[in-house]
Amino acid sequence: MRKFIKSAFDESQQMVEESLFSIGNGYVGLRGSFEEGYPTGSSIRGTYINGLYDRVPMVHAEMAFGFPVVQDVQPRIIDTQTCEIYLEGEKVQLKKGQYQNYQRWLDYQRGEAVRVYEFITGKGKIAKIKFQRMASFCHLNFVNYRIEVEFEGQIEMVSVLDGNVENESNPNDPRLNKGHGPLMEIVSKGIREDVPFILMRTKSTLIEQATFVSYHTDTFNPYTETYKAYEDKVITSIVGKGQLSLEKKVVFTDGLRFEKPFYVAEKLISEYKEWRYSDFISEQEIFLEKYWKDSGIRIKGNENDQAAINFMTYHLLQSFGRDDFANVSAKGLSGEGYEGHYFWDTEIYILPVLLFSHPEYVKKILSFRHRILPDAIERSRVMGHLKGAAFPWRTISGIECSGYFPAGAAQYHINADIAYSYIQHHLYTNDWEFMVEKGIEVIFESARTWLEVGHYYKGKFNIYDVTGPDEYTAIVNNNYFTNVMAKHHLYWCHKLFNELQTFEDEAIKLKAVVMFKKINYTKEEAENMKLASEKMALPYDDDLRIFAQDDSFLSKPFWPFEKPQYNKRPLLLHYHPLTIYRHQVLKQPDVLLAHFLLEEDIETEQIRNAYDYYEKITTHDSSLSSCLYGIMASKCRYQNKAYEYFQKTIELDLKDTHQNTKDGLHMANMAGSLLSIIAGFAGLRVSEKGLSINPFCPERWEGYRFNLKYLGREIQFSIDQALEISLVSGESMPIIIEGESYRLCKEKILKKTLLPFKGVIFDLDGVLTETSRSHFLAWYQLAEELGYHLPDEIEDEVRGISRLASLEIVLKAGNLEKSFSEKEKNRLANYKNEIYLNAIKDYNAENLFEGTIELLSLFKKNGYRIGLASSSRSGNYLINAMGIDSYFDAIVDPAFVHKGKPAPDIFLLACKQIGLEPWECIGIEDSYAGIEGIKAAGLTPIGIGSDKRLSNCNKVFPSIKSLYSFLNHPNQLKRFFD
């Protein structure tokens, strides 16, 4: 069932629910305010048109050249929601004790918001009341209401067309309107042939906005209908009895899209005069049936997660613009947070989701960026650049609306973000027509700015004084995200230019030539961009083995989280920006976001190192944070952590975890919820190399399924214990699964078993056979010959470490550690080894621990690669002697590693030799030092022995036999290791 349901009314949550139950169609949106009003409490009774804007002054305490002097604000337009209800003169409102059987839902299949309850009058009479509303996805200018009342007595409905509107404000919150007064004014109002209307106009930009309302009353009894226009309202009153249904058909138009919005609205209301609420719903159901077929993610075995994902998927549909006059604002059309501005969130978080199933919508949104390109070019000149374009960090009309430039306008990376989306659209669609008509101009003009902003120093191309995605670190040199995205941007300019010079389609080639001539782009400029891309400075720390967020970030002190005076959240509302900027602290991912978008040239180990480092210093004050950390946890195969972040992402609005859902839903976070599944759990990527997937199924799900549109094909993915890929339509194609190439065709479903891990690295001594006791006895004999007894506890201390390291412990037990030269110590170690080799010379299969053969066979049968990482140089001999050499894909000789356990070297080498990343492998050890080495290398450890001795390991089994017995059940490998 695709519904979002609330079965109780809580007045303390009424503004939050106005956001949750908002309706929209990408053009117009309405918050879920009560038609009849509230008895108490606040309300943000908003209706909005996507892309409509007024401009208000931007006041700076100290002015400087280039600071914006005005900003766009999305105005609250005319209110059509109000319809007061009176029963025998008593006003209907949800007062305590006066209603029952309340329920409210958002229906994703019919595309409507519904609210029902029974109202109890002061005289004890009961009325059944039902409210319905919908914004049409098929006729974007239409919003429809239906209100039905059943009551044994007189019923009066008073519907108000209200032009007295003003935006919500809060001068203390930078995310909200500062209080600019009314942004709309009434031009004219009245009633034409029983159709009320109000024509309004933005106060500064003088953009007209027209609203017409047509009423239809349905009842078995006589009724009256009257209209009256006041100074700022047009009121319609319908009076009947017994049963009364009122339908309101509302048309909204605006002066951005229409030359004469008043006449367009009047014409539309006339053309659809005979349409009823049910007619619009019938069309809506057909539209939504196709939408869910294309867009829906089906989760098996977790109804709560499925419900949350349906909620996100539907609200995204309600929010994105359908023409080149609109984008997707930070709050969609559900509220007034961020004043209706569009950010880079759209390109990086929302458009990737739309690309999966609706690339045609992405084309529309990208066309918006092309339409405002002239404004970006003009802004570039204001910013001091002789060439290029500089897209605004936040905008509606195309002008920069960021008043605090260090954290806002300095985010030059938005140029590369927009270019990235054009390039991703191209990789998904191969739409060269769109590329040469609009894409080239945007990509190339915005790339020119990099050559203006950056400069060469010591052979590297540097970009100074910019801010990356992390707003808690501002105005820095060589922000990694900015630089690597600029590198990608410049690379693609050179690539596209060269490809179009020799393009086979002459029509496309000619259009490209015309476009290059229009923007005066030459081969010399293409070569300059290529050189800058190749020489781009990307700060890297050799000790930490991570890319640094910028040149100075890693040299700063950490934010003192442990001090009470520094633990308020979010930081931006409690601490001066300079205090924040001086510390290593992140609002949201920066380097990790770059690794997500451009991971092909980054080693998995570097990504994992970056994750481990930056996650610890991230506050997640941004709603964009949790989803990305979850996606990258999936990449690093931190599967439990990936699911935990997924939960935080889907709960942000549904549980109001950031305490600002009342100001509107977080659209990029909602898109991030879907990305968490498709790009995260499923590991789906589209790059120059083609389509790839590296999936797993969360432990709390039985499976999941989704569709993808790619290069004219429709592909279905189903993931549980196995991966199944079906080519629903289109020609056969290559696809990369877990790093290996396959061919996908319609004739056959591509199936592949998914393993939680792909390899297992065994220690030898004390794990597969009891040689560790033989080692100790050899040390014991050596100590005896040196004149002292070796204590029994030394056996555990020398377990799993190198020969020379063990010798130091043995000599220290006899106070002889300083009595021998290095040469003599080597002689003693070799002598001990001779004793040991003599003890094991007759080893055979009978010396294997019980369960060893069975466990090796289990791993082999399930497709695991198997390696041996023993500190003993006799490993090869013993494996052969005991007859288990055929199970092993690699046996590491400790002579070829620099450091022995607990260093990770031997495990890293074993992983390399079996051809896997450390995170893809399990390590099985019986020593504390060995477990430390496994963890340092990045494998998942399993201990064999006692919990007490292996206190550094969470998964410990007393023996190989017990481990085999535990794992030898269907799907137990996956359940256990997830």
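**Before you start.** Residues are numbered from 1 along each chain as its sequence is written. In this predicted model, local features need pLDDT of at least 70, side-chain atom pairs count only at pLDDT 80 or more, totals for chains, interfaces and linings use all residues, and side-chain values use heavy atoms, with hydrogens and water left out.

Stop 1: Select β18, residues 298-300, and β30, residues 750-753. Helices (H or I, at least four residues) and strands (E, at least two) are DSSP runs, numbered from the N terminus. The open sheet runs β18-β25-β26-β27-β30, with antiparallel pairing. Two strands pair if DSSP finds at least two bridges between them. β18 and β30 each have a single partner strand, so one side of each is left without a neighbour in the sheet. From one strand to the next, the twist averages 15 degrees.

Look across from Ile299: Tyr704 of β25 stands opposite.

**Stop 2: the six-stranded sheet.** Here the order is β33-β32-β31-β34-β35-β36, in an open sheet with parallel pairing. Select β34 (residues 921-925) and β35 (residues 940-944). Four bridges link these parallel strands. Ile922 faces Thr940 of β35.

Stop 3: Go to β19 (residues 454-457) and β20 (residues 460-463). Their antiparallel pairing spans four bridges. His455 has Asn462 in β20 as its bridge partner. Two residues lie between the strands, and Lys458 takes a positive phi near 50 degrees.

**Stop 4: the helix pair.** Select α9 (residues 432-453) and α11 (residues 506-518). Their axes are 9 Å apart, at an angle of about 20 degrees. Axes are lines fitted to C-alpha atoms, for helices over the stretch in contact, and angles run from 0 to 180 degrees between N-to-C directions. α9 and α11 are therefore roughly parallel (angles under 35 degrees count as such). The crossing of α9 past α11 is right-handed (the near helix is turned clockwise from the far one by less than a right angle).

**Stop 5: the loop between β5 and β6.** Select Val69, in the loop between β5 (54-57) and β6 (70-73). Which residues form a nonpolar patch on the surface with Val69? Met63 and Val70 do. Together the three have about 260 Å² of accessible area (Shrake-Rupley method, 1.4 Å probe, with only the protein chains shown as cover). Patch residues have over 30% relative accessible area and no salt bridge, and nonpolar side chains are joined within 5 Å. A salt bridge is a side-chain nitrogen of Lys or Arg within 4 Å of a carboxyl oxygen of Asp or Glu.

Technical notes. Patches are made of residues with over 30% relative accessible area and no salt bridge: like charges are joined within 9 Å, nonpolar side chains (Val, Leu, Ile, Met, Phe, Trp, Tyr) within 5 Å. Angles under 35 degrees count as roughly parallel, over 145 as roughly antiparallel, 65 to 115 as roughly perpendicular and the rest as oblique.
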